[in-house]
Amino acid sequence: MTLMLASVTGPAEAEIAIAGGADLIDLKDPSQGAFGALPVAVVSETVKMIAGRRLVSAVVGDIPMQPAALFEAASRMAETGVDYVKIGLLPSEAFAACIEALAPLAAKVHLVAAFFADQGPLDFTALSLLAQHGFKAAMLDTAEKGAGRLMSHLGIADLARFVEACREASLLSGLAGALETPDIARLLLLQPGFLGFRGALCQAGRRTAGIDPEAVKIVRDLIPREMAANEFGMGPKVDWRLLAARGYAAPSEKDGETDRVFVHDLVMPVAIGAYDFERGHTQRVRFNIDVDIRRTNTQAEDMRDVFSYDLIVDAIKLILSRGHVALVETLAEQIAAALLAHRSVVTIRVRVEKLDVIEGCVGIEIHRERAAAAARVHQIFPGFSSG
């Protein structure tokens, strides 16, 4: 289940984030870069002010990959009483030694390893090493906040693999890195343990500006509170088929009226085909998707009021990342079922065309309603639970 993490600079901002409904309070100094640490005294004061009302994390700072230095910084932050200590990890020959050096702290505080999507390729084998040495969680972030958000460095399929790898290693997963409101519903489908925000919560979206209560509310509304159920007992189990992107469905809808969101003429390389000669390579496939959604009573003003076309493209990419598909009929049905899981979707038309078979194109077009496909979503995204 997914929690909302809010990065704050001290007691005053922490109080605003708590009032706005944040699940996790994360302490850092954004003026000192992606992983700037606050003074220990400020962290201790904030922990005392929160007084157990929320779980609290703190970053240790931009520490070089040296075992002794990382251990000292993490130990100092653990003494403040935070629940989680976040440690930025970079590719290094000393990586294993650093993890081993931090292991003794796991008995005192939850350790979170932060990897940076803009600092080199991900090594998923590192996750099992973290778990073996007592780490509680692993997250993806970005080191250079002006060089693009997380989803400009990694595609939805790569992020899905990271979340699944964390799950297999029994680690809580987190995604952060200049996340914006349009990213939220897309990432919720992956079911990370938490989504982390700073800039999206600040005035004018500037991460070094102060926390804006209205911005906090918008982000909070985009992450349904039912999703805040996890191992900490913060809520009941939920039906992910209906909540996959509920933040994109307005609470008040006009009966019988629909709007259409579409993606047309999207051509992608796809591993598809029932013949032996079609295996081992990709061929061009064109997608035309029309999604009818319930019309809302209000004019769209922010991401709480819309169903994004990004969700359509992401559904296709996630399904294709699972490997070879024998039939265009199967691919069309999977796309329809994934999108019809979204609460605001009424009907969908999916047209899938193979472009390399003949001079023209061959394929299929299907028309489905949400109720017919919702029960099959768990077959496409096995992480979903019916509650």
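Contact here means heavy atoms within 4.5 Å. The model is predicted.

**Exercise 1.** Find what share of the contacts with a separation of 6 or more joins residues 24 or more positions apart, and describe the chain as a whole.

*Solution.*
1. Count the elements: the protein chain has 14 helices and 12 strands.
2. Take the contacts with a separation of 6 or more; residues 24 or more positions apart account for 70% of them.
3. Turn to burial: of the 387 residues, 53% are buried.
4. Finish with the surface: the accessible area is about 16400 Å², and carbon and sulfur atoms hold 51% of that area.

**Exercise 2.** Determine which residues of helix α4 are buried and what they pack against.

*Solution.*
1. Helix α4 covers residues 95-102, and its buried residues are F95, C98, I99 and L102.
2. Viewed down the axis of α4, these buried residues fall within an arc of 100°, so they line one face of the helix.
3. The general rule is that an α-helix has 3.6 residues a turn, so residues three or four places apart point the same way.
4. The partners of the buried α4 residues are α3 (67-78), β4 (84-88), β5 (110-116) and α5 (125-132).

**Exercise 3.** Describe the largest nonpolar core and the surroundings of F115.

*Solution.*
1. The largest nonpolar core has 76 residues, and those touching the most other members are V85, I87, L89, F115, L127, L130 and L175.
2. Helix α7 (residues 156-168) gives this core its largest share, seven residues.
3. Neighbours within four places in sequence aside, F115 is in contact with residues including L89, F95, L122, L127 and D141.
4. Another core, of 33 residues, lies apart from the largest one; among its members are V261, V285, I293 and L320.

Definitions and conventions. Residues numbered from 1 in each chain as written. Predicted model: local features only at pLDDT ≥ 70, side-chain atom pairs only at ≥ 80, totals over all residues. Heavy atoms only, no water. Helix = DSSP H or I, 4+ residues; strand = E, 2+ residues; numbered from the N terminus. Buried < 20%, exposed > 50% of the residue type's maximum accessible area, 1.4 Å probe, protein only. Areas by Shrake-Rupley, 256 points an atom, 1.4 Å probe, with all protein chains shown as cover. Arc of directions from axis to C-beta. Core = buried A, V, L, I, M, F, W, Y, C linked by side-chain atoms within 4.5 Å.
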